[in-house]
Amino acid sequence: APAGTRVPVSGPPELVALARTLNEMLADLERQRRARAEAETLAVLGRVAGGIAHEINNPLGVILGHARMIERAGGQDAADAVVIVRETRACKAIVEALLDYARPGVLRRGAVDLVELAQGVAERAEGVSVRGDAEVIVAGDRRRLEQVLDNLVRNARAFGEHVTLTVRGDGDGATLEVLDDGPGVPAEVVERVFEPFFSTRSEGTGLGLAIAHSVVLAHGGTIRAHAGPPGRFEVRLPREETDGPHPGD
């Protein structure tokens, strides 16, 4: 059925029940189609980004090496060399983030307590609190899921003074909500926040949320931004290991 197709809900009770069931099935099919198209787009972007990043990383390494030599030699050029080193390192950080986005890599899955993970992230950041269930276990790559939380918290702290991480589990999986007291994502760009290099901050690289999205997708989960205010992101992860779309494949 074409996207957006819905069955009219009217008539006798048995037809109304059938129409609602069909509409739920159509909505689920539409979500699956969107997820597959999104994964295919990310896969193409990932391959292109990975190739570009490799080409840029090599000359940056050469520039950094020569700049360090000039810096160590001292003299009138040393001050300029310090600037070159600093800016080259910033460029290399962007390239490394691009590679991180392009190649989520093979996930090292294991039992991960999302509550414990969130508490660890909160301890390293200011103005972050955790609430929710006592323990929520999912099958995932601990390091990559921690990266997702770090990126979401860093994004939230850029706009708000206080961030709340809420973790809840159910029979099918877990939901993680990142809420901040900032203005949130403008409604007109809420569909673009996970695009690589898209950022509403002048100093942002536009890769933190893209990487979070890539990693969540590789886990067979979903991540969603809600229009603000306030700032709100919601991550949904399956409780058991899944063969979800993998943008790095």
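Tutor: We begin with a term: patches are made of residues with over 30% relative accessible area and no salt bridge, and nonpolar side chains are joined within 5 Å. Please keep in mind that this is a predicted model.

Student: Which residues form a nonpolar patch on the surface here?
Tutor: The patch consists of Leu15, Leu18, Leu22 and Met25, which together have about 370 Å² of accessible area. Leu18 lies in helix 1, residues 13-73.

Student: Is Leu18 buried, partly exposed or exposed?
Tutor: Buried means under 20% relative accessible area and exposed means over 50%, with partly exposed in between. Leu18 has a relative accessibility of 46%, so it counts as partly exposed.

Student: How many helices and strands does the protein have?
Tutor: There are five helices and seven strands. Along the sequence, their order is α-α-β-α-β-β-α-β-β-α-β-β. The protein has 249 residues, of which 39% count as buried.

Student: Why is helix 5 described as largely enclosed by the rest of the structure?
Tutor: Helix 5 covers residues 208-218, and ten of its eleven residues are buried, which is why it is described in that way. Among the buried residues are Leu209, His213 and Leu217. After helix 5 comes Gly220, which has a positive phi, near 80 degrees.

Student: How does one describe two packed helices?
Tutor: One gives the angle between their axes and the distance between the axes. In this model, the axes of helix 4 (residues 142-157) and helix 5 come within 9 Å and cross at roughly 145 degrees. Their crossing is left-handed. On the side of helix 4, the contact is made by Arg144, Gln147, Val148, Asn151, Leu152 and Asn155, while helix 5 contributes Gly208, Leu209, Ile211, Ala212, Val215 and Val216.

Student: Leaving aside neighbours within four places in sequence, which residues is Asp100 in contact with?
Tutor: With those neighbours set aside, Asp100 is in contact with Arg144, Gln147 and Ile211. Asp100 itself is in helix 2, residues 78-102. Its relative accessibility is 22%, so Asp100 counts as partly exposed.

Student: How far apart are the C-alpha atoms of Asp100 and Gly208?
Tutor: They are separated by 9.8 Å, although the two residues are 108 residues apart along the chain. For the protein as a whole, residues 24 or more positions apart account for 68% of the contacts with a separation of 6 or more.

Note on methods
Residues numbered from 1 in each chain as written. Predicted model: local features only at pLDDT ≥ 70, side-chain atom pairs only at ≥ 80, totals over all residues. Heavy atoms only, no water. Patch = residues over 30% accessible without salt bridge, like charges linked within 9 Å, V, L, I, M, F, W, Y side chains within 5 Å. Areas by Shrake-Rupley, 256 points an atom, 1.4 Å probe, with all protein chains shown as cover. Salt bridge = Lys/Arg side-chain N within 4 Å of Asp/Glu carboxyl O. Helix = DSSP H or I, 4+ residues; strand = E, 2+ residues; numbered from the N terminus. Buried < 20%, exposed > 50% of the residue type's maximum accessible area, 1.4 Å probe, protein only. Contact = heavy atoms within 4.5 Å. Axes fitted to C-alpha atoms, helices over the stretch in contact; angles between N-to-C directions. Left-handed = near helix turned anticlockwise from the far one by under 90°.
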